[in-house]
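Please read these points with the model open beside you, and look up each residue as it is named. The note begins with a term that several of the points rely on.

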Amino acid sequence: MTTALVMATSAVAVAEPSAELIEAAKKEGMLTTIALPHDWCGYGEVIAAFKKKYPEITVNELNPDAGSADEVEAIKANKDNKGPQAPDVVDVGLAFGPQMKAEGLLQPYKVSTWDEIPDNIKDAEGYWYGDYYGVMSFLVNKDLVANTPKDWADLLKPEYAGQVALAGDPRASNQAILGVLAAGMATGAAAGKDAGEAGLKYFAELNKAGNFVPVIGKSGTLAQGATPIVVMWDYNALSARDTLAGNPPVEVVVPEKGILAGVYVQGISAYAPHPNAAKLWMEHLYSDEGQLGWLKGYCHPARFNAMVKAGKVPQDLIDKLPPAESYEKAYFPTLEEVDANKAAVVGGWDSVVGANVQ
(Lines give C-alpha, C1' and ligand atoms only; values in the text may rest on other atoms or scores of the structure.)
Protein backbone atom coordinates (compact mmCIF):
# COMPACT_ATOMS: atom_id res chain seq x y z
CA MET A 1 0.00 0.00 0.00
CA THR A 2 1.19 3.56 0.40
CA THR A 3 3.31 4.67 3.30
CA ALA A 4 0.10 5.86 4.94
CA LEU A 5 -0.73 2.26 5.77
CA VAL A 6 1.83 0.90 8.17
CA MET A 7 2.56 -2.78 7.68
CA ALA A 8 2.48 -4.91 10.78
CA THR A 9 5.20 -7.25 9.52
CA SER A 10 6.87 -8.23 6.30
CA ALA A 11 6.74 -11.95 7.07
CA VAL A 12 5.03 -14.03 4.42
CA ALA A 13 1.93 -15.73 5.76
CA VAL A 14 0.45 -18.96 4.53
CA ALA A 15 -3.31 -19.04 4.95
CA GLU A 16 -4.79 -22.44 5.59
CA PRO A 17 -8.04 -22.82 7.52
CA SER A 18 -8.03 -25.77 9.91
CA ALA A 19 -9.73 -29.04 8.99
CA GLU A 20 -11.95 -28.55 12.08
CA LEU A 21 -13.15 -25.15 10.88
CA ILE A 22 -13.89 -26.47 7.38
CA GLU A 23 -15.84 -29.40 8.84
CA ALA A 24 -17.85 -27.17 11.21
CA ALA A 25 -18.65 -24.73 8.38
CA LYS A 26 -19.82 -27.55 6.09
CA LYS A 27 -22.12 -28.78 8.87
CA GLU A 28 -23.74 -25.33 9.02
CA GLY A 29 -24.18 -25.54 5.25
CA MET A 30 -24.88 -21.86 4.60
CA LEU A 31 -23.24 -18.44 4.57
CA THR A 32 -25.40 -15.30 4.47
CA THR A 33 -23.74 -12.23 2.95
CA ILE A 34 -25.20 -8.76 2.45
CA ALA A 35 -24.40 -5.73 0.28
CA LEU A 36 -22.00 -7.48 -2.12
CA PRO A 37 -22.78 -6.48 -5.72
CA HIS A 38 -20.94 -8.83 -8.09
CA ASP A 39 -19.37 -5.93 -9.98
CA TRP A 40 -18.01 -4.34 -6.76
CA CYS A 41 -14.36 -5.18 -6.15
CA GLY A 42 -14.50 -8.43 -8.13
CA TYR A 43 -16.96 -9.95 -5.65
CA GLY A 44 -18.68 -12.03 -8.33
CA GLU A 45 -15.52 -14.08 -8.87
CA VAL A 46 -14.58 -14.05 -5.19
CA ILE A 47 -17.97 -15.58 -4.27
CA ALA A 48 -17.77 -18.08 -7.16
CA ALA A 49 -14.31 -19.21 -5.97
CA PHE A 50 -15.65 -19.78 -2.43
CA LYS A 51 -18.58 -21.84 -3.79
CA LYS A 52 -16.22 -23.92 -5.92
CA LYS A 53 -13.91 -24.55 -2.96
CA TYR A 54 -16.78 -25.40 -0.59
CA PRO A 55 -19.72 -26.72 -2.65
CA GLU A 56 -21.38 -27.97 0.55
CA ILE A 57 -21.95 -24.36 1.68
CA THR A 58 -24.80 -22.40 0.07
CA VAL A 59 -24.08 -18.69 -0.29
CA ASN A 60 -27.26 -16.76 0.51
CA GLU A 61 -26.84 -13.20 -0.84
CA LEU A 62 -29.01 -10.49 0.72
CA ASN A 63 -29.68 -7.04 -0.82
CA PRO A 64 -26.56 -6.53 -2.98
CA ASP A 65 -27.18 -2.78 -3.30
CA ALA A 66 -27.45 -2.05 0.43
CA GLY A 67 -25.25 0.65 2.02
CA SER A 68 -23.16 0.26 5.18
CA ALA A 69 -25.91 1.68 7.41
CA ASP A 70 -28.36 -0.88 5.97
CA GLU A 71 -25.93 -3.68 6.92
CA VAL A 72 -25.82 -2.43 10.52
CA GLU A 73 -29.63 -2.30 10.62
CA ALA A 74 -29.94 -5.80 9.14
CA ILE A 75 -27.90 -7.25 12.03
CA LYS A 76 -29.89 -5.27 14.61
CA ALA A 77 -33.23 -6.25 13.09
CA ASN A 78 -32.34 -9.95 13.02
CA LYS A 79 -30.67 -10.37 16.43
CA ASP A 80 -33.16 -13.05 17.46
CA ASN A 81 -33.62 -14.49 14.00
CA LYS A 82 -31.52 -17.47 12.91
CA GLY A 83 -33.22 -17.57 9.50
CA PRO A 84 -32.01 -16.54 6.04
CA GLN A 85 -32.55 -12.80 6.67
CA ALA A 86 -29.81 -12.63 9.31
CA PRO A 87 -26.40 -11.67 7.84
CA ASP A 88 -23.37 -13.65 9.00
CA VAL A 89 -20.82 -11.15 7.71
CA VAL A 90 -20.57 -7.50 6.75
CA ASP A 91 -18.33 -5.40 4.51
CA VAL A 92 -18.69 -1.80 5.68
CA GLY A 93 -16.91 1.56 5.55
CA LEU A 94 -14.09 2.11 8.05
CA ALA A 95 -16.18 4.34 10.35
CA PHE A 96 -18.79 1.61 10.77
CA GLY A 97 -16.34 -0.97 12.22
CA PRO A 98 -15.73 0.71 15.61
CA GLN A 99 -19.39 1.77 15.76
CA MET A 100 -20.55 -1.84 15.35
CA LYS A 101 -17.99 -3.09 17.90
CA ALA A 102 -19.19 -0.47 20.40
CA GLU A 103 -22.80 -1.56 19.84
CA GLY A 104 -21.93 -5.22 20.44
CA LEU A 105 -22.85 -6.23 16.89
CA LEU A 106 -19.58 -7.99 15.98
CA GLN A 107 -17.63 -11.00 17.24
CA PRO A 108 -13.82 -11.18 17.12
CA TYR A 109 -11.91 -13.43 14.74
CA LYS A 110 -8.30 -13.23 13.56
CA VAL A 111 -7.60 -14.86 10.20
CA SER A 112 -4.40 -16.86 9.71
CA THR A 113 -2.85 -13.99 7.67
CA TRP A 114 -3.70 -11.47 10.43
CA ASP A 115 -0.13 -10.15 10.74
CA GLU A 116 -0.14 -8.95 7.13
CA ILE A 117 -3.15 -6.67 7.63
CA PRO A 118 -1.76 -3.18 8.41
CA ASP A 119 -2.11 -2.31 12.10
CA ASN A 120 -3.80 1.04 11.51
CA ILE A 121 -6.74 -0.51 9.64
CA LYS A 122 -7.67 -3.28 12.06
CA ASP A 123 -9.08 -3.63 15.54
CA ALA A 124 -6.37 -5.01 17.85
CA GLU A 125 -8.87 -7.48 19.31
CA GLY A 126 -10.06 -8.73 15.92
CA TYR A 127 -13.59 -7.32 15.85
CA TRP A 128 -13.08 -5.67 12.43
CA TYR A 129 -10.25 -5.59 9.89
CA GLY A 130 -9.48 -3.68 6.69
CA ASP A 131 -10.08 -5.60 3.49
CA TYR A 132 -9.32 -3.26 0.56
CA TYR A 133 -9.12 0.38 -0.43
CA GLY A 134 -9.63 2.63 -3.43
CA VAL A 135 -9.70 6.34 -4.26
CA MET A 136 -12.68 8.56 -5.07
CA SER A 137 -13.09 9.17 -8.81
CA PHE A 138 -15.51 10.42 -11.49
CA LEU A 139 -17.09 7.99 -13.96
CA VAL A 140 -18.01 9.98 -17.08
CA ASN A 141 -20.32 9.06 -20.00
CA LYS A 142 -18.39 10.36 -23.03
CA ASP A 143 -21.44 10.19 -25.32
CA LEU A 144 -23.11 12.89 -23.22
CA VAL A 145 -20.21 14.81 -21.68
CA ALA A 146 -18.06 16.61 -24.25
CA ASN A 147 -15.44 17.96 -21.84
CA THR A 148 -14.33 15.50 -19.17
CA PRO A 149 -14.18 17.28 -15.78
CA LYS A 150 -10.68 17.08 -14.29
CA ASP A 151 -11.45 18.28 -10.76
CA TRP A 152 -14.23 18.96 -8.25
CA ALA A 153 -14.41 22.67 -9.12
CA ASP A 154 -15.18 21.79 -12.76
CA LEU A 155 -18.43 20.06 -11.77
CA LEU A 156 -19.91 23.46 -10.81
CA LYS A 157 -19.69 24.72 -14.41
CA PRO A 158 -23.02 25.35 -16.23
CA GLU A 159 -22.10 22.77 -18.90
CA TYR A 160 -22.65 20.00 -16.33
CA ALA A 161 -26.27 20.96 -15.57
CA GLY A 162 -28.34 17.94 -14.53
CA GLN A 163 -25.39 15.56 -14.85
CA VAL A 164 -23.65 14.93 -11.50
CA ALA A 165 -24.67 12.17 -9.07
CA LEU A 166 -23.32 10.36 -6.02
CA ALA A 167 -23.19 6.55 -5.96
CA GLY A 168 -25.37 6.31 -2.86
CA ASP A 169 -27.50 8.22 -0.37
CA PRO A 170 -25.11 10.42 1.67
CA ARG A 171 -27.23 9.78 4.76
CA ALA A 172 -26.56 6.02 4.67
CA SER A 173 -23.93 5.05 2.07
CA ASN A 174 -20.26 5.06 3.07
CA GLN A 175 -19.25 5.65 -0.57
CA ALA A 176 -21.44 8.77 -0.78
CA ILE A 177 -20.48 10.06 2.69
CA LEU A 178 -16.81 9.91 1.69
CA GLY A 179 -17.62 11.49 -1.69
CA VAL A 180 -18.75 14.54 0.27
CA LEU A 181 -15.54 14.45 2.34
CA ALA A 182 -13.39 14.37 -0.82
CA ALA A 183 -15.27 17.37 -2.27
CA GLY A 184 -14.70 19.25 0.99
CA MET A 185 -10.99 18.38 1.07
CA ALA A 186 -10.66 19.67 -2.52
CA THR A 187 -11.65 23.15 -1.23
CA GLY A 188 -8.65 23.04 1.11
CA ALA A 189 -10.60 22.10 4.25
CA ALA A 190 -8.92 19.74 6.71
CA ALA A 191 -10.16 16.13 6.68
CA GLY A 192 -12.83 15.51 9.31
CA LYS A 193 -15.61 17.83 10.48
CA ASP A 194 -14.27 20.83 8.53
CA ALA A 195 -14.11 18.99 5.21
CA GLY A 196 -17.49 17.36 5.88
CA GLU A 197 -19.08 20.80 6.35
CA ALA A 198 -17.19 22.22 3.34
CA GLY A 199 -18.36 19.23 1.29
CA LEU A 200 -21.98 19.88 2.29
CA LYS A 201 -21.61 23.53 1.18
CA TYR A 202 -20.12 22.33 -2.11
CA PHE A 203 -23.04 19.95 -2.77
CA ALA A 204 -25.54 22.67 -1.75
CA GLU A 205 -23.94 24.89 -4.40
CA LEU A 206 -23.96 22.02 -6.95
CA ASN A 207 -27.64 21.42 -6.16
CA LYS A 208 -28.55 25.12 -6.37
CA ALA A 209 -26.79 25.35 -9.73
CA GLY A 210 -29.00 22.52 -11.01
CA ASN A 211 -25.99 20.28 -11.66
CA PHE A 212 -26.69 17.70 -8.92
CA VAL A 213 -29.04 14.81 -9.74
CA PRO A 214 -30.66 13.26 -6.61
CA VAL A 215 -30.50 9.73 -8.03
CA ILE A 216 -28.19 6.95 -6.80
CA GLY A 217 -25.70 6.72 -9.66
CA LYS A 218 -24.49 3.40 -11.03
CA SER A 219 -23.33 2.07 -14.40
CA GLY A 220 -26.96 1.55 -15.53
CA THR A 221 -28.12 5.11 -14.77
CA LEU A 222 -24.90 6.43 -16.35
CA ALA A 223 -25.48 4.43 -19.56
CA GLN A 224 -29.16 5.52 -19.74
CA GLY A 225 -28.14 9.15 -19.38
CA ALA A 226 -29.93 9.80 -16.08
CA THR A 227 -26.57 10.39 -14.32
CA PRO A 228 -23.85 11.08 -16.92
CA ILE A 229 -21.21 11.82 -14.24
CA VAL A 230 -21.05 9.65 -11.11
CA VAL A 231 -18.77 10.19 -8.11
CA MET A 232 -17.66 6.70 -7.05
CA TRP A 233 -14.74 4.56 -5.93
CA ASP A 234 -12.17 4.02 -8.68
CA TYR A 235 -12.66 0.24 -8.55
CA ASN A 236 -16.40 0.55 -9.15
CA ALA A 237 -15.76 3.02 -11.98
CA LEU A 238 -13.12 0.80 -13.63
CA SER A 239 -15.36 -2.25 -13.27
CA ALA A 240 -18.24 -0.30 -14.88
CA ARG A 241 -15.91 0.69 -17.72
CA ASP A 242 -15.19 -3.01 -18.35
CA THR A 243 -18.87 -4.00 -18.09
CA LEU A 244 -20.08 -1.23 -20.42
CA ALA A 245 -17.33 -2.19 -22.93
CA GLY A 246 -17.60 1.02 -24.95
CA ASN A 247 -21.40 1.23 -24.91
CA PRO A 248 -21.33 4.06 -24.00
CA PRO A 249 -17.62 4.99 -24.00
CA VAL A 250 -16.60 6.18 -20.54
CA GLU A 251 -13.68 7.88 -18.89
CA VAL A 252 -12.51 7.34 -15.31
CA VAL A 253 -10.91 10.40 -13.69
CA VAL A 254 -9.11 10.64 -10.37
CA PRO A 255 -9.58 14.37 -9.51
CA GLU A 256 -6.53 16.60 -9.11
CA LYS A 257 -7.45 17.80 -5.61
CA GLY A 258 -9.01 16.01 -2.66
CA ILE A 259 -7.68 12.57 -3.65
CA LEU A 260 -9.29 10.52 -0.93
CA ALA A 261 -8.48 6.89 -0.17
CA GLY A 262 -11.22 4.89 1.47
CA VAL A 263 -10.77 1.66 3.38
CA TYR A 264 -13.56 -0.87 3.88
CA VAL A 265 -13.58 -3.41 6.69
CA GLN A 266 -14.90 -6.92 7.28
CA GLY A 267 -16.61 -8.21 10.39
CA ILE A 268 -18.59 -11.21 11.61
CA SER A 269 -22.00 -10.60 13.16
CA ALA A 270 -22.17 -11.24 16.90
CA TYR A 271 -25.48 -12.99 16.09
CA ALA A 272 -24.26 -14.91 13.01
CA PRO A 273 -26.44 -18.02 12.45
CA HIS A 274 -23.43 -19.64 10.72
CA PRO A 275 -20.35 -18.45 12.67
CA ASN A 276 -18.01 -21.15 11.34
CA ALA A 277 -18.98 -20.53 7.72
CA ALA A 278 -18.38 -16.83 8.45
CA LYS A 279 -14.86 -17.57 9.73
CA LEU A 280 -14.15 -19.77 6.72
CA TRP A 281 -15.34 -16.95 4.45
CA MET A 282 -12.86 -14.60 6.15
CA GLU A 283 -10.06 -17.14 5.65
CA HIS A 284 -11.01 -17.23 1.96
CA LEU A 285 -11.05 -13.42 1.64
CA TYR A 286 -7.65 -12.99 3.30
CA SER A 287 -5.97 -15.89 1.49
CA ASP A 288 -3.74 -15.12 -1.51
CA GLU A 289 -6.58 -16.22 -3.80
CA GLY A 290 -9.15 -13.95 -2.14
CA GLN A 291 -6.82 -10.95 -2.07
CA LEU A 292 -5.94 -11.38 -5.77
CA GLY A 293 -9.67 -11.75 -6.52
CA TRP A 294 -10.23 -8.26 -5.12
CA LEU A 295 -7.22 -6.94 -7.01
CA LYS A 296 -8.71 -8.29 -10.25
CA GLY A 297 -11.72 -6.13 -9.37
CA TYR A 298 -9.38 -3.08 -9.18
CA CYS A 299 -9.33 -2.93 -5.37
CA HIS A 300 -6.04 -2.67 -3.50
CA PRO A 301 -6.34 -5.53 -0.97
CA ALA A 302 -5.21 -5.21 2.66
CA ARG A 303 -2.24 -7.57 2.19
CA PHE A 304 -1.13 -5.84 -1.05
CA ASN A 305 2.28 -4.65 0.23
CA ALA A 306 3.22 -7.95 1.82
CA MET A 307 2.12 -9.89 -1.25
CA VAL A 308 4.05 -7.63 -3.65
CA LYS A 309 7.17 -8.04 -1.49
CA ALA A 310 6.71 -11.80 -1.57
CA GLY A 311 6.32 -11.81 -5.36
CA LYS A 312 2.73 -13.05 -5.15
CA VAL A 313 1.10 -10.36 -7.31
CA PRO A 314 1.18 -11.00 -11.08
CA GLN A 315 2.53 -8.01 -13.03
CA ASP A 316 -0.46 -8.02 -15.40
CA LEU A 317 -2.77 -7.26 -12.44
CA ILE A 318 -0.58 -4.34 -11.34
CA ASP A 319 -0.53 -3.04 -14.94
CA LYS A 320 -4.33 -2.91 -15.10
CA LEU A 321 -4.55 -0.46 -12.20
CA PRO A 322 -4.57 3.33 -12.82
CA PRO A 323 -1.15 5.04 -12.73
CA ALA A 324 0.60 4.83 -9.38
CA GLU A 325 0.87 8.67 -9.23
CA SER A 326 -2.86 8.95 -8.48
CA TYR A 327 -2.36 6.78 -5.42
CA GLU A 328 0.86 8.41 -4.26
CA LYS A 329 -1.05 11.65 -3.59
CA ALA A 330 -3.99 9.87 -1.95
CA TYR A 331 -4.87 10.87 1.60
CA PHE A 332 -5.85 8.12 4.06
CA PRO A 333 -8.04 9.80 6.69
CA THR A 334 -7.71 8.64 10.28
CA LEU A 335 -10.60 6.85 11.95
CA GLU A 336 -11.32 10.02 13.96
CA GLU A 337 -11.49 12.09 10.76
CA VAL A 338 -13.75 9.55 9.08
CA ASP A 339 -16.05 9.54 12.12
CA ALA A 340 -16.18 13.35 12.38
CA ASN A 341 -16.93 13.64 8.66
CA LYS A 342 -19.66 11.00 8.83
CA ALA A 343 -21.37 12.82 11.73
CA ALA A 344 -21.24 16.14 9.86
CA VAL A 345 -22.49 14.73 6.53
CA VAL A 346 -25.24 12.44 7.84
CA GLY A 347 -26.42 15.07 10.32
CA GLY A 348 -26.29 18.03 7.95
CA TRP A 349 -27.24 16.74 4.48
CA ASP A 350 -30.98 17.41 4.76
CA SER A 351 -30.66 20.90 6.23
CA VAL A 352 -27.69 22.10 4.17
CA VAL A 353 -28.18 20.39 0.78
CA GLY A 354 -31.81 19.33 0.99
CA ALA A 355 -31.72 16.89 -1.94
CA ASN A 356 -33.48 13.59 -1.26
CA VAL A 357 -31.19 11.05 -2.96
CA GLN A 358 -32.95 7.80 -3.84
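1. A residue is called buried when its relative accessible area is under 20%, exposed when it is over 50%, and partly exposed in between, with a 1.4 Å probe and protein chains only. Tryptophan 233, at 0% relative accessibility, therefore counts as buried, and tyrosine 235 is likewise buried, with a relative accessible area of 0%.

2. Please keep in mind that this is a predicted model, in which local features need pLDDT of at least 70 and side-chain atom pairs count only at pLDDT 80 or more, while totals for chains, interfaces and linings use all residues. Residues are numbered from 1 along each chain as its sequence is written, and side-chain values use heavy atoms, with hydrogens and water left out.

3. The protein chain has 14 helices and 10 strands, where helices (H or I, at least four residues) and strands (E, at least two) are DSSP runs numbered from the N terminus. Buried residues account for 59% of its 358 residues, and the C-alpha trace spans about 60 × 45 × 35 Å along its principal axes.

4. Rings of Phe, Tyr and Trp (its six-membered ring) pair if their centres lie within 6.5 Å, and planes under 30 degrees apart count as stacked, over 60 as edge-to-face and the rest as tilted. By this rule there are 20 aromatic pairs. Tyrosine 133 lies in strand β5 (residues 129–141) and phenylalanine 332 in the loop between α13 (324–328) and α14 (335–353), so that the pair links distant parts of the chain, 199 residues apart. Both tyrosine 133 and phenylalanine 332 are buried.

5. How are the rings of tryptophan 233 and tyrosine 235 arranged? Their centres are 6.3 Å apart and their planes are at 15°, so this pair is stacked. Ring pairs also join Trp233 and Tyr235 into a cluster whose members include Trp40, Tyr43, Trp114 and Trp294.

6. A nonpolar core is a set of buried Ala, Val, Leu, Ile, Met, Phe, Trp, Tyr and Cys residues joined through side-chain atoms within 4.5 Å. The largest such core has 90 residues, and those with the most contacts inside it are Tyr43, Trp152, Phe203, Trp281, Met282 and Trp349, where contact means heavy atoms within 4.5 Å. Helix α5 (residues 174–186) gives this core its largest share, 9 residues. Apart from it lies another core, of 18 residues, among them Val72, Ile75, Trp128 and Val338.
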